[in-house]
Amino acid sequence: CTRLKTINIPESVKSIGGEAFYKTNVTTFTLPDGIEWIGASAFVFTPQYTAYNNSSSQMDLYIGNYLIKVATSKSGEYTVREGTVAIADKALEGCASITAINLPDSLTSISDYAFYGCAGLMDITIPDTLNSEERKLVEKLSEQPHFKRAESVESQNIFERMKNFFR
């Protein structure tokens, strides 16, 4: 798919599969806010991702309101920007120095492997906007031995499917 440069994904689409645009030449993506899941490597080796990977930027890669990749150089407390509606699989892969994450009220979806490789993560602030599946994801993460359980129920909610993702 070397000639396709622009993709407008309709509102009816709720997920983007892993490697959906892998190694395409698409430079412009229009994603609706209703996407609930973005698979691993969905945008890897697209021009945007390649430019991001080849830069020494401390910036994170967003496509529309979707967090695709966080710079691995980030450490300490990390805040996902307000307006973000979803975090893609492996968005924080390699971010072993992040110890706390603050999620915005705008967030409605977190992919299963979003925090893959965040071995240093000890605290997370979760918005009420997440559904019960995302809350279960956080609960699983909080069962990890190194994770410091938050004081309130509201702050200890997402980790149900993530138990083995920190190895």
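This is a predicted model: local features need pLDDT of at least 70, side-chain atom pairs count only at pLDDT 80 or more; totals for chains, interfaces and linings use all residues.

Me: How many bridges join strand β6 to strand β8, and do they run parallel or antiparallel?
Reply: Two bridges join β6 (residues 66-69) to β8 (residues 86-87), and these strands run parallel. Strands here are DSSP runs of E with at least two residues, helices are runs of H or I with at least four, and both are numbered from the N terminus. Two strands pair if DSSP finds at least two bridges between them.

Me: Got it. Which residue stands opposite leucine 67 in β8?
Reply: That is isoleucine 87. Leucine 67 is also the bridge partner of tyrosine 62.

Me: How do β5 and β6 run, parallel or antiparallel?
Reply: They run antiparallel, joined by three bridges. Together they form a hairpin with two residues between them, and glycine 64 in the turn has a positive phi of about 60°.

Me: What is the strand order in the open sheet of four strands?
Reply: The order is β5-β6-β8-β10, with mixed pairing. The edge strands are β5 (61-63) and β10 (109-110), each pairing on one side only.

Me: New topic. Where is serine 106?
Reply: Serine 106 sits in the loop between β9 (98-102) and β10.

Me: Is serine 106 buried or exposed, and why?
Reply: Serine 106 counts as buried because its relative accessible area is 18%. The cut-offs, using a 1.4 Å probe and protein chains only, are under 20% for buried, over 50% for exposed, and partly exposed in between.

Me: What does serine 106 touch?
Reply: Leaving out residues up to four places away in sequence, serine 106 touches Glu82, Gly83, Thr84, Val85 and Thr129. Touching, or contact, means heavy atoms within 4.5 Å.

Me: Let's switch to proline 47. Where is it?
Reply: Proline 47 is in helix α1 (residues 47-54). With a relative accessibility of 31%, proline 47 counts as partly exposed.

Me: Tell me about lysine 23: where does it lie?
Reply: Lysine 23 lies in the loop between β2 (15-16) and β3 (28-30). Its relative accessible area is 56%, so lysine 23 is exposed. Although lysine 23 is not a glycine, it has a positive phi of about 60°.

Me: And what is the phi of phenylalanine 45?
Reply: The phi of phenylalanine 45 is near 65°, a positive value in a residue other than glycine. Phenylalanine 45 is in the loop between β4 (37-38) and α1. Its relative accessible area is 44%, so phenylalanine 45 is partly exposed.

Me: Great, that clears things up!

Notes:
Residues are numbered from 1 along each chain as its sequence is written. Side-chain values use heavy atoms; hydrogens and water are left out.
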